[in-house]
Amino acid sequence: METNSDSNQPLTTPALRHGLAQILKCYAAGGLRRFNRVNQVVVSPNLTANLNSPLTDNALTTSRLATEIPAISSPATDRLATQKIGPVAAPIAAPAAEPVAELSAEPKVARVSLPLTVSTWQLPNLPESERLEKLNHLNTQVQACRKCEELVCYRRQTVFGEGKLQPRVCFFGEAPGADEDQQGRPFVGAAGKLLMDIIKAMRLSREEVYILNSLKCRPPQNRTPLPEEVDNCRPYALTQLEILQPEFIILLGAVAVQSVLQSTESVGRLRGRFHHFHGARVLVTYHPAYLLRNADAKKLVWADVQMVMRELEANPPN
Ligand code: SF4
């Protein structure tokens, strides 16, 4: 049994128990009820002295108890301790480094951390008719948008996005290319064909999902969107997601990550686990255009989308 080093008395003397009870009452009176578990309480001579004298604020703060036990709960620590991060799948071992260079250069914006807070959708869950009305209204705004001067000069038309109005899964890409700019539809070129193969492999169809991009206008020569262009277009894309309220958002490539998660972490670091955006679980994986150049990455994408497939099949719609 541990003893008080000064008096060689056992720790369980009535005086000590009484003293500890008094201290806990003091904490409770101050509204402090939660303490982190400690493996060992070291009782110092100062503490024993405090226990044998009337308890005062000063006695508490100068005793080692105040420094060794507490880790007292506060609104901030409570939030972290009880924060629901939601189901997080076992991470697939991410490669130590990118298998090959990303298709898009790393955007030159300040590195920011992913938001920890899990929130819910801000809009109510709308019926299809209202979703359609809101999306049409948003599309009208997009068509009139002239925020990115260079893109406005270059675009043939805006590419808003398309798909099911109540999708379980949204695919979120980078920006329209030449085919998309011509047809006004997302993912209709070579990368689009590969995306359709991925969607089919997931036992879904194009009509069952929704597809959109970070930018609604084609960058000249299909260059990587500039961070300010992603910022300009983010409100449209995020409003779209808010209206659609999918269960899963699959972010295709670094620009999509920049738009939705507002992170400049690489795809290689973020893939293989679920993140969150409002009420949706978010999966990060490589853009199909990247796979056209780097076939080896297909198995990584397949591993990623299988995580979503497992969740979809485990939780079929009502
Ligand atoms: S990319 Fe988006 S923000 Fe930029 S001009 Fe087109 S619609 Fe507007």
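Hi everyone. Let me begin with one definition: I call a residue buried if 20 or more other C-beta atoms lie within 10 Å of its own, with C-beta atoms placed from the backbone. Keep in mind, too, that this is a predicted model.

With that in hand, let's look at strand 6. It is mostly covered, as 6 of its 6 residues are buried. Which way do they point? Ala280, Val282 and Val284 point one way from strand 6, while Arg281, Leu283 and Thr285 point the other way, and all are buried. For background, side chains in a regular strand alternate between the two faces of the sheet.

Now, who are the partners of strand 6? One is strand 5, residues 274-277, which pairs with strand 6, residues 280-285, in the antiparallel sense over 4 bridges. Within that pairing, His276 has Arg281 as its bridge partner, and Phe277 stands opposite Ala280. Strands 5 and 6 form a hairpin with 2 residues between them.

Let me move on to a residue I'd like you to find on screen: Cys170, in strand 2, residues 169-173. Is Cys170 buried or exposed? It counts as buried, because it has 25 C-beta neighbours inside 10 Å, and the cut-off is 20 or more.

What does Cys170 touch, once we leave aside its neighbours within four places in sequence? The contacts are Val209, Tyr210, Leu212, Leu241, Leu244, Pro246 and Ile249. Take Pro246 from that list: Cys170 and Pro246 are 76 residues apart in sequence, but 6.3 Å apart in space, C-alpha to C-alpha.

Cys170 also belongs to the largest nonpolar core, which has 54 residues. Along with Phe172, Ile249, Ile250 and Leu251, Cys170 touches the most other members of that core. Helix 10 gives the most to this core, with 7 residues.

Helix 10 comes up again at the ligand. How many residues surround the ligand? There are 15, and the closest are Cys145, Cys148, Cys217, Asn232 and Cys233. Helix 7, residues 149-154, and helix 10, residues 227-244, each supply at least two residues of that shell. Helix 10 gives the most to the shell, with 4 residues. By class, the shell around the ligand has 9 nonpolar, 2 polar and 4 charged residues.

Finally, let me zoom out to the chain. It has 14 helices and 6 strands. Of its 318 residues, 32% count as buried. And if you take the contacts with a separation of 6 or more, residues 24 or more positions apart account for 74% of them. The pair of Cys170 and Pro246, 76 residues apart in sequence, is an example to look at on screen.

Technical notes: Residues numbered from 1 in each chain as written. Predicted model: local features only at pLDDT ≥ 70, side-chain atom pairs only at ≥ 80, totals over all residues. Pairing = 2+ DSSP bridges. Near = placed C-beta within 6 Å. Nonpolar A, V, L, I, M, F, W, Y, C, P; charged D, E, K, R; others polar. Buried ≥ 20, exposed ≤ 12 C-beta atoms within 10 Å, placed from the backbone. Contact = placed C-beta atoms within 7 Å. Core = buried A, V, L, I, M, F, W, Y, C linked by C-beta atoms within 7 Å.
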